[in-house]
Amino acid sequence: MRILWLCNIIPPMIAEALKLPASNKEGWISGLLEEWRQHSADGDMELGICFPLAPRSIPDEVLNELSCERAIPLAGETQGIHYYGFFEDTVRPEYYDVDLEKQLTHILNSFDPHLVHVFGTEYPHALAMAKCIGGRRLLVGIQGLCSRIADCYGAGLPKRIQRRYLLRDLLKGDNIARQQKKFMRRGEMEVRCLQLAPHVTGRTAWDRAAVKEINPAAGYYAMNETLRPEFYGACWKREDCETYSIFLSQGNYPLKGLHLLLEALPRIKERYPRVKVYVAGDVITRYETLKEKLKIGSYGQYCLKLINHLGLKDTVCFVGRLNSEEMRNRYLQSHVFLSASVLENSSNSVGEAMLLGMPVVSSDVGGISSLLTDKKEGFLYPCMDREALAEAICKMFADDACAAECGRLARERALKTHDPIRNYERLLEIYDALCKEERS
């Protein structure tokens with residue numbers, strides 16, 4: 001059977017073959033690809049992968065040399081995998097371009113798949129593929145849900161902060177309120193995509209309920225994700241971490257709840273004055289040079305003012321963007337992993353922390369409770385409750401035996417949830433069932 005994947009990024013394996021920059025996002029794609037490479041000889045599956053390219057992001061000589069059809073900007077084969085690149089405005093995913101349908105139709109005609117698996121619903125190309133493929137040959141995988149994110153994007157920030165415009169916001173036309181509206185537009189496209197999808201994969205009670213609400217007729221198939229390979233071997237040890245340190249895997253925008261942690265930190269510092277917070281991802285609070293002062297956004301400035309007002313300058317450290325190995329090491333060096341998000345489906349960051357056997361504290365939102373049992377594999381607290389957040393962190397700091405036991409049980413569960421072989425076999429079961437249904 002021929003399966004075509006539609007991904008949101010160039011998979012690292014293909015980027016490496018093309019000598020193009022690779023993204024660290026969506027690590028489960030790499031995990032599935034690795035399993036396919038190891039087991040593809042055992043079956044009869046032929047795999048194709050298509051992905052978006054930002055216009056002018058690929059050197060002309062690469063496009064000209066590798067494209068097998070002028071209608072497809074980029075096409076080729078590496079390690080037995082067919083790949084196709086199509087042009088999309090990746091900077092403005094809230095806009096739908098009908099030209100996507102033409103490009104994807106050419107790819108479908110070239111590869112002629114028995115089944116198309118769309119990874120994620122949050123970009124215009126997912127809707128375009130749903131329109132192009134028709135029939136029963138479409139399987140859509142839920143990652144996050146923009147339609148739900150849009151409802152809570154402001155994450156409890158004051159309305160004046162959400163509505164104001166700094167210079168950077170004016171130039172980009174996307175203050176926090178505008179960013180929320182962009183998610184609303186993306187959510188509308190996402191809902192249309194799911195309404196067209198005959199088959200959907202998900203992994204939590206929360207996304208199952210959302211799919212049933214949007215498209216009651218869609219078949220729902222439970223399938224867990226395989227995470228980045230770097231997180232399967234190492235194991236957190238209390239004696240090797242920095243005491244009273246907290247790690248957030250990102251805090252780039254309000255939904256991830258960095259400001260909620262900052263507001264909770266004074267309560268934690270009262271009991272643990274040495275507490276330290278490490279935040280990965282973009283350094284949104286840079287404000288030293290004139291250029292940085294002009295480029296800072298409303299959310300970054302709000303967080304910076306909180307840091308200064310609450311006396312947290314020596315407490316909070318932004319570590320920047322990290323590759324998979326650096327990210328794993330940052331987890332292992334930290335005392336507690338925190339997910340302060342206002343909404344998540346099944347957070348891969350929580351999954352990675354659990355795989356490493358770390359003490360985990362998370363807001364009880366979305367599908368998190370399908371990953372982690374409160375007071376057994378970690379601590380969950382009510383969303384946006386700063387006092388409860390602080391109390392959960394302090395409990396982990398105070399009781400090494402409890403933290404270690406939570407981490408042990410979390411790792412035990414995560415090794416099952418994110419088992420690469422089990423998840424790959426489940427994926428093949430779904431493919432086989434759907435292809436048989438299509439042929440019948």
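Is Asp374 buried, exposed or partly exposed? I looked this up and found Asp374 partly exposed, because its relative accessible area is 28%. I use buried for under 20% relative accessible area, exposed for over 50%, and partly exposed for values in between (1.4 Å probe, protein chains only).

**Basis of the entries.** I worked from a predicted model, in which local features need pLDDT of at least 70 and side-chain atom pairs count only at pLDDT 80 or more, while totals for chains, interfaces and linings use all residues. Residues are numbered from 1 along each chain as its sequence is written, and side-chain values use heavy atoms, with hydrogens and water left out.

**Salt bridges.** I took a salt bridge to be a side-chain nitrogen of Lys or Arg within 4 Å of a carboxyl oxygen of Asp or Glu. By this rule I recorded 22 salt bridges.

I then looked up Arg413 and found its side chain in a salt bridge with Glu377 (2.9 Å, N to O). This pair links distant parts of the chain, 36 residues apart: Arg413 lies in helix H17 (residues 400-417), and Glu377 in the loop between strand E13 (360-363) and strand E14 (379-381). Helices (H or I, at least four residues) and strands (E, at least two) are DSSP runs, numbered from the N terminus. Arg413 is partly exposed because its relative accessible area is 23%, whereas Glu377, at 5%, is buried.

I also noted a network of salt bridges that links Arg168, Asp169, Asp174 and Lys182. Within it, Arg168 and Asp169 meet at 3.1 Å, N to O, and both of these residues are buried.

**Helix H10.** I located Asp207 in helix H10 (residues 205-214). Asp207 counts as buried, because its relative accessibility is 0%. Its C-alpha atom is separated by 20 Å from that of Arg413, 206 residues away along the chain.

**Helix pair.** I examined helix H5 (residues 124-133) and helix H9 (residues 176-196), whose axes come within 9 Å and cross at roughly 30°. H5 is therefore roughly parallel to H9, a label for angles under 35 degrees, with over 145 as roughly antiparallel, 65 to 115 as roughly perpendicular and the rest as oblique.

Notes
Axes fitted to C-alpha atoms, helices over the stretch in contact; angles between N-to-C directions.
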